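Biologist: I'd like to learn how to read a few features off a model. Can you walk me through some?

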Amino acid sequence: MTEEVLVDGHTFLVTDEAFALDGTGGLFHRDTRYLSDLSVSVEGTDLAPVGSTLQSPWRRRVTYADAASTVNKIDESEEQKHTTLALTRDQVVAEGLGLVERVHVTNHARSATTVQLSVDVDADFENLFEVRDLSTGIDREIERSAGDDRIGWRYDPADAGGAATTVWFDRAPETLTSRGATCRLPLASQASETVTVAALPGGTDGPVEASLFDRAVEAAGGPELGVDAAALAGSRYGTLFERAVADLRALVTATDHGPVPLAGVPWFATVFGRDALLTAYNAVPVAPTLAAGTLRYLAAHQGTGEDPYREEAPGKIFHEIRQGELAERGEIPHTPYYGTVDATPLWLVVLDETRRWTGDESLVDDLWAAAQRAVDWLDRATDRGREDPFLYYREADSAGLVHKAWRDTERSVQFADGRPADAPLASAEVQGYVYDAYRRTAAMARERDQYADAREYERRAERLAERFDAEFWLPEREYYGTALTGDGRVVDSTTSNVGHCLWSGLVPDERAGAVVDTLLDDGLNSGWGVRTMSSEDAGYSPVSYHVGSVWPHDNALVALGTADYGFHEAAERVATGVLEACRNLDRQRVPELYCGFADETPYPYPSACEPQAWGASTPVALLRALFGLDPDEGVTRTPSSLDVERDAVAALVDGADATVAAGGDAP
């Protein structure tokens with residue numbers, strides 16, 4: 001069955017469509033599974049799901065009945081053609097609380113009855129990596145207890161932090177053990193009874209308030225970002241935007257540094273440097289506080305020393321951070337792990353972009369020392385001589401990433417003939433990020449009267465641009481290569497990565513038209529957005545993670561880049577292709593990625609993260625590309641056929657402009 005996830009910040013629940021917990025299901029918080037079983041049944045009754053509603057990313061309701069309809073069956077039996085018992089499970093996940101569920105049982109028979117409701121529960125405190133089949137050999141001794149209105153589990157290892165879970169019932173069960181509880185419910189005809197069950201990570205011995213469910217509903221949804229998707233209500237993409245805003249809120253967590261987005265669920269409910277930065281960039285016109293919180297959080301974890309295991313270096317921005325027992329024991333390098341090479345230049349890009357949208361120079365002042373450390377890391381990482389100014393990534397000795405740019409899975413970087421390209425590699429889009437980072441840091445340095453530094457940053461950007469055009473350009477294809485190997489060979493596959501170079505401004509004006517033509521040809525453009533790799537390359541697969549699928553966030557950068565170079569019709573084709581695809585997917589939700597087929601309807605990619613933060617932030621970036629939203633020029637109406645959207649976009653952005661200009665957050 002299809003995997004279903006409810007999420008609020010670091011807390012999420014993984015189930016199947018019927019709310020059953022299989023081997024990878026459970027209630028997770030900060031990479032630990034606090035509940036591995038939660039099943040509900042009625043003695044002597046077979047219940048089957050008949051319908052469900054996802055009310056928000058953190059709340060869902062599913063209804064079961066005691067018999068499937070047999071009204072169309074032709075036989076002589078006396079079997080009933082209707083149900084007599086309905087059960088509804090209403091669940092909400094709230095960060096800081098856990099999982100709270102209301103179980104409603106209704107008797108639709110003509111006579112009264114008594115049912116016995118059973119709730120089976122268990123906890124194993126496995127780490128998320130173990131749930132995903134990482135073998136650790138850890139044998140956990142778990143203390144179990146049961147009494148009055150609750151069941152408890154506790155795990156106290158000697159060499160790492162412990163964990164505890166309490167499952168609480170709002171009425172004293174008839175029977176209660178460490179494995180579950182039963183409740184007898186007398187039901188008159190057409191009457192209902194409700195039992196509330198809560199799973200509380202961290203455990204509690206104290207009283208639990210009876211209104212816990214209502215408090216969880218009120219508390220869920222993350223920090224308020226100030227984004228009002230209702231401005232687009234009634235438009236063609238109104239539902240899509242409302243879902244995207246809700247998904248983004250569900251993945252934002254409050255920190256001491258401000259709100260920060262988590263990457264996605266089910267397995268990436270943690271901060272990723274690259275993902276958080278691109279999410280913040282996309283959303284900065286309407287939620288600048290998210291960008292500020294992300295920048296401050298990542299600066300607080302900026303690398304300070306050399307650590308080959310975690311690939312840490314002074315000034316480097318991390319790739320991924322994890323919590324839980326395996327991180328505490330040092331059995332995984334994500335404490336944090338610094339393997340990626342693109343998060344550091346992107347941090348500089350987002351710092352300047354936030355300054356441009358908010359006019360808040362104090363943010364740059366506060367983070368200027370971190371910015372200088374980041375530039376120093378870029379200088380060291382690109383120090384290969386005058387003729388080779390590129391930023392490469394290399395294989396590490398640790399169990400980290402093979403590829404250290406955004407397409408980071410094995411065999412995700414290939415030559416056109418399908419041969420894998422091995423590190424060291426200088427990925428095309430990373431060079432764009434570095435180029436843009438140098439230019440933007442130069443602008444920020446000038447604001448601080450550091451003119452000599454500004455000139456040096458600009459010189460480095462110019463040298464990088466010259467060498468990029470000379471080394472990466474493929475004249476026979478009139479397109480740039482995907483990457484450059486350490487020995488100077490061009491990885492000649494045709495990929496969407498080059499579209500990021502438009503976003504960064506790295507492509508010379510005279511090459512831009514040819515690049516845009518390739519991005520929109522039948523090889524790369526599926527009709528539902530630009531593929532990660534051309535269907536004309538030997539290694540192409542439409543059902544893949546990185547070699548032929550379509551990623552909404554990837555397309556957002558392509559659309560922004562084509563619009564920046566003045567190719568407005570191309571930007572509209574890219575943007576509307578993605579918006580239409582997501583409007584035709586289940587629940588009108590923006591997923592992590594979808595398949596690269598050019599069929600009449602888009603196909604979801606198996607196991608894609610939903611929700612996913614940079615996917616959820618994509619619609620704002622696409623509107624920016626479609627309508628020419630720029631902090632220096634305000635709202636510039638570019639040529640667009642989406643006339644029905646104009647007033648809605650103007651309302652959304654005009655409100656954002658007003659509050660951002662006043663130094664506040666956008667509505």
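Predicted model: local features only at pLDDT ≥ 70, side-chain atom pairs only at ≥ 80, totals over all residues.

Biologist: Is α13 mostly covered or open?

Modeller: Buried means under 20% relative accessible area. In α13, 12 of the 13 residues are buried, including P552, H553, D554 and N555. After the helix comes G566, with a positive phi near 90°.

Biologist: What sort of aromatic pair do Y545 and Y605 form?

Modeller: Planes under 30 degrees apart count as stacked, over 60 as edge-to-face and the rest as tilted. The model has 20 aromatic pairs. Y545 and Y605 make a tilted one, with 50° between the planes and 6.1 Å centre to centre. Y545 sits in the loop between α12 and α13, and Y605 in the loop between α14 and α15, so the pair ties together parts 60 residues apart in sequence. Y545 is partly exposed at 24% relative accessible area, while Y605 is buried at 18%.

Biologist: Which charged group sits over the ring of W368?

Modeller: That's the charged end of R448, 5.5 Å from the ring centre. R419 likewise lies over the face of F415, at 4.3 Å from the ring centre.

Biologist: Which residues lie nearest the centre of the largest pocket?

Modeller: R132, F268, F272, L401 and D408, out of 36 lining residues. The lining divides into 18 nonpolar, 8 polar and 10 charged residues, and the pocket holds about 880 Å³ of space.

How values were computed. Residues numbered from 1 in each chain as written. Heavy atoms only, no water. 1 Å grid on protein atoms, 1.4 Å probe; cavity = no way out; pocket = protein on both sides within 12 Å on 5 of 7 lines; lining within 4 Å. Points joined across faces, edges and corners; volume = space filled by probe spheres on them. Nonpolar A, V, L, I, M, F, W, Y, C, P; charged D, E, K, R; others polar. Buried < 20%, exposed > 50% of the residue type's maximum accessible area, 1.4 Å probe, protein only. Helix = DSSP H or I, 4+ residues; strand = E, 2+ residues; numbered from the N terminus. Phe/Tyr/Trp six-rings, centres within 6.5 Å; stacked < 30°, edge-to-face > 60°. Lys NZ or Arg CZ within 6 Å of the ring centre and 35° of its normal.
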